[in-house]
Amino acid sequence: AREPIRLRRGANLLDHCCVQPGVTVGERAVLGSTTIAPRGACFAPESISTGAVGGRPVRLRFQAASSEQQAGEWEALRRLNDAGYFWGFNLLVVFSAALLEPWPLYEA
């Protein structure tokens, strides 16, 4: 029998995750790089997991975030989606690269 994989609203699965049948990933839960989600596993809402030890996921946060953590996460998301931060950061990188370009030591 086939078992569905359930991804709740806002769930994030990053690169190289292995999700097996019957797994449930809660709202805003994050499965980081190389996480193994064994058959029938349930990841709590807002939990964070990454990697694996002995075939089991390494859980970094088990429960919902505190109000301070949530406020910090929402501020980070706001900045991530703000065009001013995006262009400011990218222009800083371009100008820094142009300014710090290594000078040729020898010219032929």
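**From the cysteines to the sheets**

Modeller: Searching the whole structure turns up 0 disulfides, a disulfide being a pair of cysteine sulfur atoms within 2.5 Å. Cysteine 17 is in none, and the nearest cysteine sulfur to its own, that of cysteine 18, is 8.7 Å away. That is too far for a bond. Cysteine 17 is partly exposed at 22% relative accessibility, and cysteine 18 is partly exposed too, at 37%. On this scale, buried means under 20% relative accessible area, exposed means over 50%, and partly exposed is in between (1.4 Å probe, protein chains only).

Before we go on, a word on what you're looking at. This is a predicted model, where local features need pLDDT of at least 70 and side-chain atom pairs count only at pLDDT 80 or more, while totals for chains, interfaces and linings use all residues. Residues are numbered from 1 along each chain as its sequence is written, and side-chain values use heavy atoms, with hydrogens and water left out.

Now follow cysteine 17 to leucine 31. Leaving aside neighbours within four places in sequence, leucine 31 is in contact with Cys17, along with Asn12, Leu13, Leu14, Val19, Val25, Ala37, Phe43 and Ser49. Contact here means heavy atoms within 4.5 Å. Leu31 also belongs to the largest nonpolar core, which has 7 residues: Val23, Val25, Ala29, Leu31, Ala37, Ala41 and Phe43. A nonpolar core is a set of buried Ala, Val, Leu, Ile, Met, Phe, Trp, Tyr and Cys residues joined through side-chain atoms within 4.5 Å. In soluble globular proteins, nonpolar side chains tend to be buried together.

Serine 49 counts as buried, at 0% relative accessibility. Not counting residues up to four places away in sequence, serine 49 touches Leu31 and Phe43, and also Val30, Gly32, Thr35, Pro57, Val58, Arg59 and Leu60.

Serine 49 sits in strand β8, residues 48–53. Strands (E, at least two residues) and helices (H or I, at least four) are DSSP runs, numbered from the N terminus. β8 is part of an open sheet of 4 strands in the order β2-β5-β8-β9, with mixed pairing. At its edges stand β2 (12–13) and β9 (56–61), each with a single partner strand, so one side of each has no neighbour in the sheet. Two strands pair if DSSP finds at least two bridges between them; β8 and β9 run antiparallel and are joined by 5. In that pairing, isoleucine 48 has arginine 61 in β9 as its bridge partner.

There is also an open sheet of 3 strands, β1-β4-β7 in order, with parallel pairing. Its edges are β1 (6–7) and β7 (42–43), each with a single partner strand, so one side of each is left without a neighbour in the sheet. β1 pairs with β4 (residues 24–25) in the parallel sense over 2 bridges. Across that pairing, arginine 6 stands opposite threonine 24.

Histidine 16, in the loop between β2 and β3 (18–19), has a positive phi of about 60° although it is not a glycine. Histidine 16 is exposed, with a relative accessible area of 64%. Arginine 28, in the loop between β4 and β5 (30–31), likewise has a positive phi near 60° without being glycine. Arginine 28 is partly exposed at 26%.

Further along is helix α1 (residues 67–81), which holds glutamine 69. A polar atom of the glutamine 69 side chain lies 2.9 Å from the backbone nitrogen of serine 66. Glutamine 69 is partly exposed, at 38% relative accessible area. Its C-alpha atom is 37 Å from that of arginine 2, which is 67 residues away along the chain.

Last stop: the aromatic rings. The count comes to 1 aromatic pair; rings of Phe, Tyr and Trp (its six-membered ring) pair if their centres lie within 6.5 Å, with planes under 30 degrees apart called stacked, over 60 edge-to-face and the rest tilted. The rings of phenylalanine 86 and tryptophan 87 have centres 5.0 Å apart and planes at 85°, so the pair is edge-to-face. Phenylalanine 86 is partly exposed at 44%, whereas tryptophan 87 counts as exposed at 52%.

Key
Polar contact = N/O pair within 3.5 Å; in protein donor to acceptor, adjacent residues only side chain to side chain.
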